[in-house]
Amino acid sequence: MLRHEFQPGKLVIGLFLIAAGVVYAGDVGGLWVTEWFAVIPLVVVGLVLGGVVAGVNGAIRRHRRAGRRSTADPGPDISG
(Lines give C-alpha, C1' and ligand atoms only; values in the text may rest on other atoms or scores of the structure.)
Protein backbone atom coordinates (compact mmCIF):
# COMPACT_ATOMS: atom_id res chain seq x y z
CA MET A 1 0.00 0.00 0.00
CA LEU A 2 1.28 3.46 -0.87
CA ARG A 3 1.93 5.71 2.08
CA HIS A 4 0.50 9.17 2.21
CA GLU A 5 0.75 12.04 4.63
CA PHE A 6 -1.81 12.31 7.41
CA GLN A 7 -4.18 15.24 6.90
CA PRO A 8 -6.08 15.88 10.14
CA GLY A 9 -8.12 18.75 8.65
CA LYS A 10 -9.82 16.38 6.23
CA LEU A 11 -10.44 13.96 9.09
CA VAL A 12 -12.19 16.63 11.16
CA ILE A 13 -14.34 17.75 8.22
CA GLY A 14 -15.25 14.15 7.45
CA LEU A 15 -16.30 13.47 11.03
CA PHE A 16 -18.57 16.52 11.09
CA LEU A 17 -20.13 15.57 7.75
CA ILE A 18 -20.73 12.04 9.02
CA ALA A 19 -22.39 13.53 12.10
CA ALA A 20 -24.64 15.62 9.84
CA GLY A 21 -25.55 12.49 7.91
CA VAL A 22 -26.37 10.66 11.13
CA VAL A 23 -28.64 13.52 12.22
CA TYR A 24 -30.59 13.37 8.96
CA ALA A 25 -30.64 9.56 8.99
CA GLY A 26 -32.18 9.64 12.47
CA ASP A 27 -34.83 12.00 11.15
CA VAL A 28 -35.60 9.75 8.19
CA GLY A 29 -35.67 6.68 10.42
CA GLY A 30 -38.19 8.32 12.73
CA LEU A 31 -35.94 8.36 15.78
CA TRP A 32 -36.21 12.14 16.15
CA VAL A 33 -37.36 15.21 14.24
CA THR A 34 -34.74 17.42 12.63
CA GLU A 35 -35.52 20.82 11.14
CA TRP A 36 -34.02 21.45 7.72
CA PHE A 37 -31.73 24.20 9.01
CA ALA A 38 -30.39 22.30 12.03
CA VAL A 39 -27.45 20.77 10.21
CA ILE A 40 -26.14 24.04 8.75
CA PRO A 41 -24.30 25.08 11.95
CA LEU A 42 -22.87 21.58 12.29
CA VAL A 43 -21.45 21.65 8.77
CA VAL A 44 -20.16 25.24 9.07
CA VAL A 45 -18.44 24.56 12.40
CA GLY A 46 -16.90 21.40 10.91
CA LEU A 47 -15.56 23.28 7.90
CA VAL A 48 -14.14 26.12 10.01
CA LEU A 49 -12.59 23.77 12.54
CA GLY A 50 -11.18 21.60 9.75
CA GLY A 51 -9.64 24.68 8.13
CA VAL A 52 -8.06 25.75 11.41
CA VAL A 53 -6.66 22.27 11.99
CA ALA A 54 -5.30 22.12 8.44
CA GLY A 55 -3.68 25.55 8.86
CA VAL A 56 -2.06 24.59 12.15
CA ASN A 57 -0.90 21.30 10.65
CA GLY A 58 0.64 23.13 7.68
CA ALA A 59 2.39 25.63 9.93
CA ILE A 60 3.84 22.84 12.06
CA ARG A 61 5.06 20.97 8.97
CA ARG A 62 6.67 24.12 7.53
CA HIS A 63 8.35 24.86 10.86
CA ARG A 64 9.73 21.33 11.14
CA ARG A 65 10.88 21.34 7.52
CA ALA A 66 12.68 24.67 8.01
CA GLY A 67 14.34 23.37 11.17
CA ARG A 68 15.68 20.33 9.38
CA ARG A 69 17.06 22.39 6.51
CA SER A 70 18.98 24.75 8.76
CA THR A 71 20.89 21.96 10.51
CA ALA A 72 21.11 19.19 7.92
CA ASP A 73 21.57 21.18 4.71
CA PRO A 74 24.35 23.78 4.93
CA GLY A 75 23.45 25.07 1.48
CA PRO A 76 25.52 25.33 -1.66
CA ASP A 77 29.28 25.67 -1.40
CA ILE A 78 30.21 29.05 -2.86
CA SER A 79 33.84 29.11 -1.70
CA GLY A 80 35.06 28.68 -5.17
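V44 is found in helix 2, a helix here being a DSSP run of H or I of at least four residues, with strands as E runs of at least two, numbered from the N terminus. This is a predicted model, where local features need pLDDT of at least 70 and side-chain atom pairs count only at pLDDT 80 or more, while totals for chains, interfaces and linings use all residues. Residues are numbered from 1 along each chain as its sequence is written, and side-chain values use heavy atoms, with hydrogens and water left out.

**Exercise 1. Work out whether V44 is buried or exposed, or in between.**

Step 1: grab the cut-offs. Buried is under 20% relative accessible area, exposed is over 50%, and partly exposed is in between (1.4 Å probe, protein chains only).
Step 2: apply them. V44 has a relative accessible area of 45%, so it is partly exposed.
Step 3: look across the fold. I13 is 31 residues away from V44 in sequence, yet the two sit 9.5 Å apart, C-alpha to C-alpha.

**Exercise 2. Find what L49 touches beyond its sequence neighbours.**

Step 1: list the partners. Setting aside neighbours within four places in sequence, L49 is in contact (heavy atoms within 4.5 Å) with V12 and F16.

**Exercise 3. Name the residues of the nonpolar surface patch and say which element gives the largest share.**

Step 1: set the rule. Patch residues have over 30% relative accessible area and no salt bridge; nonpolar side chains (Val, Leu, Ile, Met, Phe, Trp, Tyr) are joined within 5 Å, like charges within 9 Å. A salt bridge puts a side-chain nitrogen of Lys or Arg within 4 Å of a carboxyl oxygen of Asp or Glu. Accessible areas come from the Shrake-Rupley method with a 1.4 Å probe, and for residues only the protein chains shown count as cover.
Step 2: collect the members. Y24, W36, F37, I40, V44, V48, V52, V56 and I60 make a patch of about 870 Å².
Step 3: share it out. Helix 2 supplies the largest share, 6 residues.
Step 4: inspect W36. This one is in the loop between helix 1 (8–28) and helix 2, and W36 is exposed because its relative accessible area is 63%.

**Exercise 4. Sum up the whole protein.**

Step 1: count elements. There are 2 helices and 0 strands.
Step 2: check burial. Buried residues make up 14% of the 80 residues.
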